Amino acid sequence: MSDNRNFESTLFWNAVMFYTRLPTPSNVEFSEDILNKSRKYFTVIGLVVGSIAALTFNLAALVLPLTVAVLLSMISTVLATGCFHEDGFADTCDGLGGGWTKVQVLTIMKDSRLGTYGSLGLLSILSLKFAVLLELAHILSGLEWAAVALASHTVSRWQSSNVVKHFDYVQDIDTSKIKPIANKALSFGSELYLRNITLVGMIPAAFVSFAGLIVGAVLSHWISLRFARYCKKRIGGYTGDILGSIQQLTELALLITILMFSL
């Protein structure tokens with residue numbers, strides 16, 4: 001039992017190391033197999049990042065205008081994840097926008113330079129997210145806003161994980177930063193854990209807008225599958241950047257839907 005707890009702790013800290021920039025113990029064991037299995041905790045990372053967003057917003061809102069509190073909350077999540085998903089979204093915009101063939105798209109995605117499509121895409125999605133979060137801040141209490149933040153960060157990460165399960169990875173696995181999670185499927189128990197944590201993250205938001213939450217979750221799922229199928233048509237499957245894009249798009253979709261039902 002003790003060995004099992006230690007292994008689960010190792011999986012969790014590997015997930016923290018890979019998906020965030022949060023501090024971790026220095027003696028955590030690392031291997032590609034462990035990192036692959038740590039995807040089990042991807043939605044837990046959503047809860048962690050969502051909690052950071054919620055705590056930052058509520059503390060800032062005590063002494064600052066809502067506009068500043070929302071901005072600080074967004075900045076806190078970017079710092080916590082190291083722009084992990086935002087960077088993927090920008091690279092995807094550049095690749096799909098500027099490339100015609102599969103090779104061109106993948107080459108552009110690997111380029112560290114930010115192009116016009118990526119700049120406009122990132123500016124657009126962050127601006128829209130800020131506007132939606134600010135509108136929610138005006139009509140919801142601090143705790144309700146926090147509940148929505150938790151749901152959006154958790155559900156969106158499950159959508160990305162679901163794409164890994166159902167679609168093929170297309171980049172050169174040997175040189176990819178997501179090699180471990182692209183190599184193997186999770187066990188049934190780990191997939192079930194992912195879903196259960198997603199439900200845990202959704203429960204508080206159900207008391208804010210049950211209809212908005214359900215419709216938003218369904219819409220997010222539809223968007224993730226449609227976008228993944230589009231990418232399969234364009235380049236044969238998904239890349240790490242595309243997973244980041246799915247997280248960003250589905251997070252925004254859930255926020256917009258809950259806003260619609262809360263007005």
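## Exercises on a helical model

Histidine 153 is buried, at 6% relative accessible area (buried is under 20%, exposed over 50%, partly exposed in between, using a 1.4 Å probe and protein chains only). This is a predicted model, where local features need pLDDT of at least 70 and side-chain atom pairs count only at pLDDT 80 or more, while totals for chains, interfaces and linings use all residues. Residues are numbered from 1 along each chain as its sequence is written, and side-chain values use heavy atoms, with hydrogens and water left out.

**Exercise 1. Work out where histidine 153 sits and what it touches.**

Step 1: find the element. Histidine 153 belongs to helix α8 (helices are DSSP runs of H or I, at least four residues, strands are runs of E, at least two, and both are numbered from the N terminus).

Step 2: list the partners. Skipping residues up to four places away in sequence, histidine 153 touches Gly46, Val49, Gly50, Ala53, Thr77, Gln247 and Glu251 (contact means heavy atoms within 4.5 Å).

Step 3: follow one partner. Glycine 50 is in helix α3 and, with a relative accessible area of 0%, is buried. Beyond four places in sequence, glycine 50 meets Ala149, Leu150 and His153. Between glycine 50 and threonine 77 there are 27 residues in sequence and 7.7 Å in space, C-alpha to C-alpha.

**Exercise 2. Is serine 152 buried or exposed, and what does its side chain reach?**

Step 1: look at the setting. Serine 152 lies in helix α8, and its relative accessibility of 2% makes it buried.

Step 2: The serine 152 side chain reaches the backbone oxygen of alanine 149 at 3.0 Å. That's a polar contact, defined as a pair of N or O atoms within 3.5 Å; within protein, one must be able to donate a hydrogen and the other to accept it, and residues adjacent in sequence count only if both atoms are side-chain atoms.

Step 3: Leaving out residues up to four places away in sequence, serine 152 touches Glu251, Leu254 and Leu255.

**Exercise 3. Describe the second largest pocket: how much space lies in it, and which residues line it?**

Step 1: get the volume. The second largest pocket holds about 240 Å³. Here a pocket is an open set of points on a 1 Å grid over the protein atoms alone, where a 1.4 Å probe fits, with protein on both sides within 12 Å along at least five of seven lines; lining residues have an atom within 4 Å of a point. Grid points are joined across faces, edges and corners, and the volume is the space filled by probe spheres set on the points.

Step 2: find the centre. The lining has 23 residues, and Ser73, Met74, Thr77, Lys129 and Glu251 are the closest to the centre of this pocket.

Step 3: assign helices. At least two lining residues come from each of α3 (42-61), α4 (66-81), α5 (84-98), α7 (116-139), α8 (142-166) and α12 (240-262). The top contributor is α4, with seven residues.

Step 4: sort by class. The lining of this pocket splits into 11 nonpolar, eight polar and four charged residues (Ala, Val, Leu, Ile, Met, Phe, Trp, Tyr, Cys and Pro count as nonpolar, Asp, Glu, Lys and Arg as charged, the others, Gly among them, as polar).

**Exercise 4. Which residues touch the most other members of the largest nonpolar core?**

Step 1: pick them out. Val70, Leu136, Trp145 and Leu213 do, in a core of 31 residues (a nonpolar core is a set of buried Ala, Val, Leu, Ile, Met, Phe, Trp, Tyr and Cys residues joined through side-chain atoms within 4.5 Å).

Step 2: see who supplies this core. α7 gives the most, with eight residues.

Step 3: zoom in on two members. Neighbours within four places aside, leucine 136 is in contact with Trp145, Val148, Leu255, Ile258 and Leu259. Leucine 213, in helix α11, is buried at 2% relative accessibility. Its contacts, again beyond four places in sequence, are Ala151, Met202, Ala205, Ala206, Leu254 and Ile258.

**Exercise 5. Where is cysteine 83, and what value does its phi take?**

Step 1: Cysteine 83 is in the loop between α4 and α5, and at 34% relative accessible area it's partly exposed.

Step 2: read the backbone. Phi of cysteine 83 is near 60 degrees, which is positive in a residue other than glycine.
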